[in-house]
Amino acid sequence: MKSDLITQLTALDVAPQRHLTEAEARRRDDLLVRILAEPSTGRTSAARPALRRRPTLWMGVAVAGGLAVVVAAAVVVAGALPVARRLMNGNPGIISAAGIAAWTRTPSGLDPGTDLGTAARRYCLRNATGRPGNTATPVISNADTRGVVATMVVTRGDDVTFCLFDRAGTGLTEADDPVPTLAADAVALDSSGAHGNGDLSFGYAVGFAGSAVTAVTLRASGRTIEATLSGGRWTAWWPAPDSQLDEVAVALTDGGTRVVEGRSLYR
Amino acid sequence: MAVATESDFTALYRANYADLRRFVCRRVPPDLADDIVGETFLAAWRHRAKLPDDPRPWLFGAARNVMLNADRSIRRQRAVAVRIADHAGGVGGGGDPGHDPAGAVDTRIDLADAWRRLSARDQEVLALRIWDDLDDRAAATVLGCTRATYTMRLSRARRRLARLAAAESTSSPFVPTAIGVEHP
């Protein structure tokens, strides 16, 4: 009866499979007629029954032809910058060309007194994920810079946010998990993703490390990237079209090292 | 997919209309669904020459973008929340509790409450698998991420749902490990 959540969720579908009603079938057929009356480009003719539309969408589709870019392009064109900053995928502007160009394989600590440190902190706190109304005092960790891009982790109780911020004012935030208990020499992947297009694409990864791990180095897309490690959590980003990790090497307190194949981290 | 003629498009449209409408109805109130379905198919018509062989993920992804773009408050979430049937069977056939064993009803109440506490992004990741019936690759296409990323997000969303369901259920013996809790 309580075998697993997935089985039980299946029964809670708000739109289970069923036959269309007569009215629904009529609307379906009417819609098809109106769509086929549309030209393949350009706007709806005033003489035709028009579909309600949102022009920014079409602009995005026309520019990109690919799903990932549609919203990003549309939103930027619409001028809704706060929204564009928070898109997760395909936004070519999350990291600027200058941000990509200035990337460094070794991170530096983020100085909170600098313009970048101040702006990044403000952005990351404002866009932190988690429960609305969470009043827990935010704790910032893993704060680093690679050129003009800052990343940090904002923890408010159980709500954990990975945040990336470009000096240009763009960035992303992502909800992550609290640090779990791992074996002392273990390493694990919490989250990763790839964003942007072409020369502006980048990958990032967030993971965990055991108490005996003193450094984490990633191999991805032909690059070697030193991660920022703090409190059992490591973070990194790098210019690349994807976020696939080839391997993760850890340095241990006893002077030893350990290499984990990237593929094994994706479970 | 070679959609060269109106006939080709009509076949695609009829094959996918009901699925797309269900996909949309899971995410917005029914009175908005027709508009979003219409805009999505219009986009497909305009870009029919570039549609992939399996158009379903493309259509779902386009509909998702329409929804994200349709309302500023939704867009700010960067993910589309997914509705769940009322545990009493209200919204769309969640079952008749009068014919449900009592334990199952309790569990569904817990689960529905847990679902509503999930982030929109977790809801979206889970719904693509459970209700929209997409495999990892297709779901990743809808979300615009890599398959590996989707797989990982799915695993994490399952963990979080299990955690929330366990917290909701003080009297029911939910066993989170049944869906793969990964951490000790």
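Which residues of H6(B) are buried? In this predicted model, in which local features require pLDDT of at least 70, side-chain atom pairs count only at pLDDT 80 or more, and totals for chains, interfaces and linings use all residues, residues are numbered from 1 along each chain as its sequence is written. Chains are lettered from A and ligands numbered from 1 in the order in which they are written, and side-chain values use heavy atoms, with hydrogens and water left out.

The buried residues of H6(B) are Ala120(B), Arg121(B), Asp122(B), Gln123(B), Glu124(B), Val125(B), Leu126(B), Ala127(B), Leu128(B) and Ile130(B). Helices (H or I, at least four residues) and strands (E, at least two) are DSSP runs, numbered from the N terminus.

Chain A contains seven helices and 13 strands. Of the 267 residues in chain A, 49% are buried. Contacts (heavy atoms within 4.5 Å) were also classified by sequence separation. Among contacts in chain A between residues at least 6 apart in sequence, 57% join residues at least 24 apart.

Helix H2 of chain A packs against helices of chain B. Two packed helices are described by the angle between their axes and the distance between the axes. Axes are lines fitted to C-alpha atoms, for helices over the stretch in contact, and angles run from 0 to 180 degrees between N-to-C directions. The axes of H2(A) (residues 22–36) and H1(B) (residues 6–25) come within 11 Å and cross at roughly 140°. H2(A) and H1(B) are therefore oblique to each other, given that angles under 35 degrees count as roughly parallel, over 145 as roughly antiparallel, 65 to 115 as roughly perpendicular and the rest as oblique. The crossing of these two helices is right-handed; a crossing is right-handed if the near helix is turned clockwise from the far one by less than a right angle, and left-handed if anticlockwise. On the H2(A) side, the contact is made by Glu24(A), Arg27(A), Arg28(A), Asp29(A), Leu31(A), Leu32(A), Ile35(A) and Leu36(A), and on the H1(B) side by Glu6(B), Phe9(B), Thr10(B), Tyr13(B), Arg14(B), Tyr17(B) and Arg21(B). By class, seven nonpolar, one polar and seven charged residues take part in the contact of H2(A) with H1(B). In this classification Ala, Val, Leu, Ile, Met, Phe, Trp, Tyr, Cys and Pro count as nonpolar, Asp, Glu, Lys and Arg as charged, and the others, Gly among them, as polar.

H2(A) also packs with H2(B) (residues 30–46), at an angle of about 35° and with the axes 10 Å apart. This crossing, too, is right-handed. H2(A) contributes Arg27(A), Leu31(A), Ile35(A) and Leu36(A) to the contact, and H2(B) contributes Asp34(B), Val37(B), Gly38(B), Phe41(B), Leu42(B) and Trp45(B). The contact of H2(A) with H2(B) has seven nonpolar, one polar and two charged residues.

With a disulfide taken as a pair of cysteine sulfur atoms within 2.5 Å, the count over all chains is one. The disulfide is formed by Cys124(A) and Cys163(A), with their sulfur atoms 2.0 Å apart. Cys124(A) lies in helix H7 (residues 115–126) and Cys163(A) in strand E4 (residues 159–166) of chain A, so the pair ties together parts that are 39 residues apart in sequence. The torsion about the S-S bond is about -80°, so the disulfide is left-handed. Cys124(A) is buried at 0% relative accessibility, and Cys163(A) is likewise buried at 0%. In chain B, Cys25(B) is buried at 11% relative accessibility and Cys145(B) at 14%.

Val28(B) is placed in the loop between H1 and H2 of chain B and is buried at 3% relative accessibility. Not counting residues up to four places away in sequence, Val28(B) touches Ala33(B), Ile36(B), Met67(B) and Arg83(B). The C-alpha atoms of Val28(B) and Met67(B), 39 residues apart along the chain, are separated by 8.0 Å.

Most residues other than glycine have a negative phi. Asn142(A), in strand E2 (residues 139–146) of chain A, has a positive phi near 55° and is buried at 3% relative accessibility. Ser221(A), although not a glycine, has a positive phi of about 50°. Ser221(A) lies in the loop between strands E8 (213–220) and E9 (223–226) of chain A and is partly exposed, with a relative accessible area of 34%.

Note on methods. Buried < 20%, exposed > 50% of the residue type's maximum accessible area, 1.4 Å probe, protein only.
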